Amino acid sequence: MKINPSGSRRTTLTALALASALALSACGSMTESTTGGGGDDAIEKLNIVVPADPGGGWDQTGRAMQKDLQDNDLVETASVVNVGGAGGTNGLAQLATETDPNTLMVMGYVMVGAVETNNAANRIEDTTPIARMTDEPLVIVVPADSPYQNMQDLLDDIEAKGQGVSITGGSAGGADHILAGMVLKEAGIAPDKLNYIPYSGGGESLAALLGNKVNAGISGVGEYAEQVEAGKLRALAVSGDEAAPQLPEVQTLTDQGIDVVLTNWRGVVAPGSIDEAQADKLTELVTDLHETEAWKTTLKENNWSDAFLTGEEFDTFLTEDIATVKTTLTEIGLL
């Protein structure tokens, strides 16, 4: 996996420029701006790949980044392309053939698991890590007219009916799927009783819930909160270590005696083929975005926690997370 140090840019000076710089040295150093909106090497056009269909958390993240980058003149234009399916591994395959170095792909915990469960040919280790951006708990919900009033009701029915109880969420092997498996394992329910129905986008899983085609659903709090507040879904639990700001009255899993905590992080990576200087530019760009008031507002409005991490630290985090997820998937019977 490639590492993105935040070192200085290489600058080629002509003889004339060098002479001018020397002449001005007594008055101060001459620097070159490399962030959006300044410098000859500034990123003018950015491609953002969202490896999921519209409506889910990755799509929300990609489009929020697009808006805030453009509104703050950090790039001239930013385009978003959705490449859904297979837990993001279809998008990962497209990134592997991307030739434009000014490309970011939204990804996260979901993709880490999907790579393993899909035995994907293209792996996250083959990309260039740029930044971890956000962190969010998950929520377990049921349709408003469901007989399940709490997590124990749902688990009792799964114990009794097995795969007669269906749970929907994001793609196979992602955070939603892993949480379902972890909850059943903690409750002493055999993993083969889990009937998990994956969708590539949050919009599809929401439609299945609202249409009473499934018994329960798992997704990021931000994707289901509006329907919970509108009374169309009932939230049974959130997966963080404390109540979620959007759903403050909903108990955590641990509050209900289920010793499971899982949060879903999201970040961005670039093509593995880019060089160190190109990686530095992208890292500076997302760092500049992270420092804007607009992005801070975006985090607050979406109830996303700020989980910003770049460079070697993000690379190390990814390496450790991939190993942990692979172990977890094996323990809960998904590998």
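**Helix packing and voids**

1. The crossing of helices α6 and α11 is left-handed, a term used where the near helix is turned anticlockwise from the far one by less than a right angle. Helices are DSSP runs (H or I, at least four residues), strands likewise (E, at least two), and both are numbered from the N terminus. The model is a predicted one, in which local features need pLDDT of at least 70, side-chain atom pairs count only at pLDDT 80 or more, and totals for chains, interfaces and linings use all residues. Residues are numbered from 1 along each chain as its sequence is written, and side-chain values use heavy atoms, with hydrogens and water left out.

2. The axes of α6 (residues 175-186) and α11 (residues 311-331) come within 10 Å and cross at roughly 50°. Axes are lines fitted to C-alpha atoms, for helices over the stretch in contact, with angles from 0 to 180 degrees between N-to-C directions. The angle therefore makes α6 oblique to α11 (under 35 degrees is roughly parallel, over 145 roughly antiparallel, 65 to 115 roughly perpendicular, the rest oblique).

3. On the α6 side, the contact (heavy atoms within 4.5 Å) is made by Ile178, Met182 and Lys185, and on the α11 side by Val325, Thr328, Leu329 and Glu331. By class, this contact has four nonpolar, one polar and two charged residues. Here Ala, Val, Leu, Ile, Met, Phe, Trp, Tyr, Cys and Pro count as nonpolar, Asp, Glu, Lys and Arg as charged, and the others, Gly among them, as polar.

4. Helix α2 (residues 57-71) and helix α9 (residues 276-291) have axes that come within 10 Å and cross at roughly 85°. This angle makes α2 roughly perpendicular to α9. Met65, Asp68 and Leu69 of α2 meet Leu285, Val286 and Leu289 of α9 in the contact, which divides into five nonpolar, no polar and one charged residue.

5. The structure holds three cavities of 30 Å³ or more. On a 1 Å grid over the protein atoms alone, a cavity is a set of points where a 1.4 Å probe fits but cannot get out; a pocket is an open set with protein on both sides within 12 Å along at least five of seven lines; lining residues have an atom within 4 Å of a point. The second largest cavity has about 60 Å³ of space, and its lining has eleven nonpolar, no polar and no charged residues. Among them are Ile140, Met151 and Leu179.

Note on methods. Grid points are joined across faces, edges and corners, and a volume is the space filled by probe spheres set on the points.
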